[in-house]
Amino acid sequence: MADVESVRPLLAVLAPVAGALLVALSSRWPNLREAWTLLTTVVTVALVASLLSSVTSGQTVSTTLFELSPGVDIALRADAAGMIFGLLASSLWVAASVYSIGYMRGLNESNQTRFYVAFALSIAAAIGVAFAANLLTFVLFYEMLTLMTYPLVTHRGTPEAIKAGRKYLAYTLSGGVALIAATAWIVSLDVDPTFRAGGILDGVTDSATLWSLFALLTLGIGVKAAVMPLHSWLPSAMVAPTPVSALLHAVAVVKAGAFGFVRVMGFVFGAALLVDMGAWQVLAGFAGVTLITGSILALRIDNLKRRLAYSTISHLSYIVLGTALLGPVGWTGALLHMVAHGVTKITLFFCAGAIHARTHKENVSELNGIGRQMPITMGAFALASLGMAGIPPFMMFGSKWLLGVGAMEIDQPVLLALYLVSGVLNAAYLFPIVLRAWRPSSTPLRYSEASWFMVAPLSVTAALALLLGIFPDMGFKFYTLAAAVGDAVGVTP
Amino acid sequence: MEVQSNGALHYQLGGWAPPLGIEYVVDLMAAFVATVVTGVALLVIIAIRRMAAQEMPQRTGSFYGLVGLLLTGLTGMVVTGDLFNLFVFLEIASLASYALVFTGGPQAMMAGFRYLILGTVGGSFYLLGVGFLYFSTGSLNMADVSARLVGLEDSRAVLAGAVFIFVGLGLKMALFPLHLWLPDAYNHAPSSVNSLIAPIMTKVAAYAMLRMFLNVFPPGYLDSVVPLAPVLVGLGLVGVVAGSAAAMVQHDVRRMLAHSSVSQLALIAVGIGLATPLAAAAALLHVMNHAVMKACLFLVAANVRYRTGDSSIDGFAGLGKRMPVTMGAFTVTAIAMVGVPPTAGFFSKWYLAQAGIDAGNWAVVAVVLLSSLMTGVYMLRIVERAYFAPSPVGEPGLPEGPTGKGLSTATRQATATEAAIDMVAPVVILAAAAVGLGLANAAVLTHVLLPAVGG
């Protein structure tokens, strides 16, 4: 695979940092500050997208910086897997920024400059995670992501927020420590920690070492990927303002965890080694349990954002399970599900936030008749719910279909059953909300939509959840990229 | 840099050749430590000028005299090539530091007295150890002694010498369980004194310990014949955990930082004890990293105390808004202490963990990484208070307050702003260094530290 040296991956990481600086300097002029944010999002997604044509033609684009530890450089490399995550994070950032303006101003939140700065830096870290070429660079940006999102979780400064922030740090830093231990071990074994499709650990033969590395790495990334029992930071983090929950805790941070599984299972261990070790079954076990339990728990939760959080926990394990499926189709499904779930879930969160901003309602039981008051919002919610349930032709159907085929590819009908049952459960915890929205309410409600800053993005993402299902290669060629990863990494048993 | 290109520098005092004369040797390791010590001291001295003037108004002349003596002592310890000369400089530095601690006034008496007694015990133990070595080898020059010790592994005198030196230097570097003098001394000394002594004094003792391990005693002696190296590792590991645990329950930021120093020094001790080139290089790297980070943290505490008259952790409430630059630097340095890449603190732990893995010592790996989490706990409390707790409301009608400085502490806390530029700039420089040195660490390791320890 040809590799091209270019400064563009580095620019893609630095653009949001530059934007953060400009935002910080403009705190006295809110409109200018918001303009800087929007401009930065557009520049960032343009930079990431500029790498697309090279990567889809089979090349990778790298920037190698200096040596960070003897023998290991800070290096960025845009390959197919990295492009998927990078494009997802940066493009949804555009929508989330527009949305944030509406939400933050609508609720008259305090400390808005700090919010936008931390948000931009978080995206910079996420793109760094996407493009990290080796384990050490990955760990660097992974930890940066934790730090930059902490002020967003604790943003409101309430005791509940501070407690949630502490829990967040406790979980994610502990995971980080496990990651660092594993990386130090790999480096001390004289293994080059650069990611390579098919794995880098073929020189390691000691079974105890391999299993310990497996345990450490899965613990490390399992926290951000909310694999049970490491998941409970995510519902607590819902105390953050909704743009945070929408972009970071449905897309950037948690998908960084899922992406971590992509990297570790596909580019560090490799499917062949996982088969030899029998480790994929362990992973499949934890992911399968999380998948079902998350959906079951979501059924009874009244707080809308928390319900969506448990749904996210469940769907992240769709992806984690996909990386354990080993075959090319399963991998393609896993990566496509990253995009599908990201786009669809962000819509649901955007709707929840719009409802909160307009009506201050947070719980499902309060939402009777809200559809009459906010028809566009609830319409988008309805569309996204259909997507989440896996109804064709929404994109979530496509990714679930591939995951199911992937399960059959390795002769595991149990896993297929899990996916199907969870799909039904998705409908069970989302459709009632939609139905409730059009029930007659006790007090008559007039039309009173949220501001256009919020409604426009959620409509766009809802439409995308549908359109990307019909035309999966539309725009950013997600399907091509996902298939490329599947081919590179998947091993047909 | 001269040492890098030309090799070690040698100077003979008075032209007397060793082993009779006193020789000064600046090799790569000494040059490195000397640069760190003097560089950090420079920044700290700039920053504490106003504070010193406020804390001891009539005696700034003697204060700076003592500071000069302290630096002479410390630098002398680093560049000397003679065992007894090291004791002389150790005593010069220690006496200066005792006197500096006593400038804290009446409350410092008890703590300063304990520091003086224990410090003298440490110095004396070291001297006894050197005496035994002199008795056995007939020489005091480090290079000479190390050559002459080669055939003497079975000697009881040498064994006694090794143990005495170990205990003496261990006390000076606050190795568990010989560390109890440190939190009290740092707590009651004036902030200006703290900021200067804390980052560099114990480090130089650690350097001396490393020197003994690497260059004086024959290789393997301190491992197989007298198992001081494993003892050092073990005590270091306990010290890391004990220091961090103690730091987590403190209410005063200076005591917290003191216990934290014990913990971080214990990390350096682990590196020295593991005795591989990578471990020793990691220890030296942490000498630099911790000196920079701790200097910054103590200076922040000093700045806060200068403005608010208070050094309790609760007193940090709301300072994120009112002293944004200082608290920003504090947050960056706190992140560096926890060890998040790419800050400097991460790399010390990274290499130490690797050294532990190489040596098959999993306790080292576990403790090093656990210390990150424990550090996070006690550092995070302050960051949380500074940014999320509401500022105290001042009491407008009170002209005289309990601090006797004209305003009550609460009022000063409510109205505190950034300290002057010459107090804030060094803090910012040190915080930036905590990140910059992290990014540049591979260069430092490969070009300076690994060659210095023969790796």
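Tutor: Let us begin with A:Ala462, which sits in helix 19 of chain A, residues 452-470. Please keep in mind that this is a predicted model.
Student: Is A:Ala462 buried or exposed?
Tutor: A:Ala462 is buried, because its relative accessibility is 2% and buried means under 20%.
Student: Which residues is A:Ala462 in contact with, leaving aside its neighbours within four places in sequence?
Tutor: A:Ala462 is in contact with A:Thr347, A:Ala380 and A:Leu383, once those neighbours are set aside.
Student: And how far apart in space are A:Ala462 and A:Phe394?
Tutor: Their C-alpha atoms are 9.8 Å apart, while 68 residues separate the two in sequence.
Student: Staying with helix 19, where is A:Leu467?
Tutor: A:Leu467 also has its place in helix 19 of chain A. A:Leu467 is partly exposed, with a relative accessible area of 33%.
Student: What about charge? Which residues gather in a patch of negative charge on the surface?
Tutor: A:Glu160, A:Asp302, A:Glu362 and A:Glu366 gather there. Of these, A:Asp302 lies in the loop that runs between helix 12 (279-298) and helix 13 (304-324) of chain A.
Student: Why does A:Asp302 count as partly exposed?
Tutor: A:Asp302 counts as partly exposed because its relative accessible area is 31%, which falls between the limits of 20% and 50%.
Student: New topic. Where is A:Gly353 found?
Tutor: A:Gly353 is part of helix 14 of chain A, residues 328-359. This glycine is buried, at a relative accessible area of 0%.
Student: What does A:Gly353 touch, not counting residues up to four places away in sequence?
Tutor: With those residues left out, A:Gly353 touches A:Tyr99, A:Tyr103 and A:Thr242.
Student: How far is A:Gly353 from A:Gly220?
Tutor: Their C-alpha atoms are separated by 31 Å, and the two glycines are 133 residues apart along the chain.
Student: Now the backbone. Which peptide bond is cis at A:Pro229?
Tutor: The bond from A:Met228 to A:Pro229 is cis, and its omega is near 5 degrees. A:Pro229 lies in the loop between helix 8 (207-224) and helix 9 (233-236) of chain A.
Student: What joins A:Pro392 and A:Pro393?
Tutor: A cis peptide bond joins them, with omega about 0 degrees. A:Pro393 is in the loop between helix 16 (375-388) and helix 17 (395-409) of chain A.
Student: What is phi of A:Asp411?
Tutor: Phi of A:Asp411 is near 65 degrees, a positive value in a residue other than glycine. A:Asp411 belongs to the loop between helix 17 and helix 18 (413-437) of chain A. With 59% relative accessibility, A:Asp411 counts as exposed.
Student: And what is phi of A:Lys477?
Tutor: A:Lys477, which is not a glycine, has a positive phi of about 55 degrees. A:Lys477 is in the loop between helix 19 and helix 20 (478-489) of chain A, and it is partly exposed at 37% relative accessibility.

Key: Residues numbered from 1 in each chain as written. Chains lettered and ligands numbered in written order. Predicted model: local features only at pLDDT ≥ 70, side-chain atom pairs only at ≥ 80, totals over all residues. Heavy atoms only, no water. Patch = residues over 30% accessible without salt bridge, like charges linked within 9 Å, V, L, I, M, F, W, Y side chains within 5 Å. Areas by Shrake-Rupley, 256 points an atom, 1.4 Å probe, with all protein chains shown as cover. Salt bridge = Lys/Arg side-chain N within 4 Å of Asp/Glu carboxyl O. Lys, Arg positive; Asp, Glu negative; His and termini not counted. Charge placed at Lys NZ, Arg CZ, Asp CG, Glu CD. Helix = DSSP H or I, 4+ residues; strand = E, 2+ residues; numbered from the N terminus. Buried < 20%, exposed > 50% of the residue type's maximum accessible area, 1.4 Å probe, protein only. Contact = heavy atoms within 4.5 Å.
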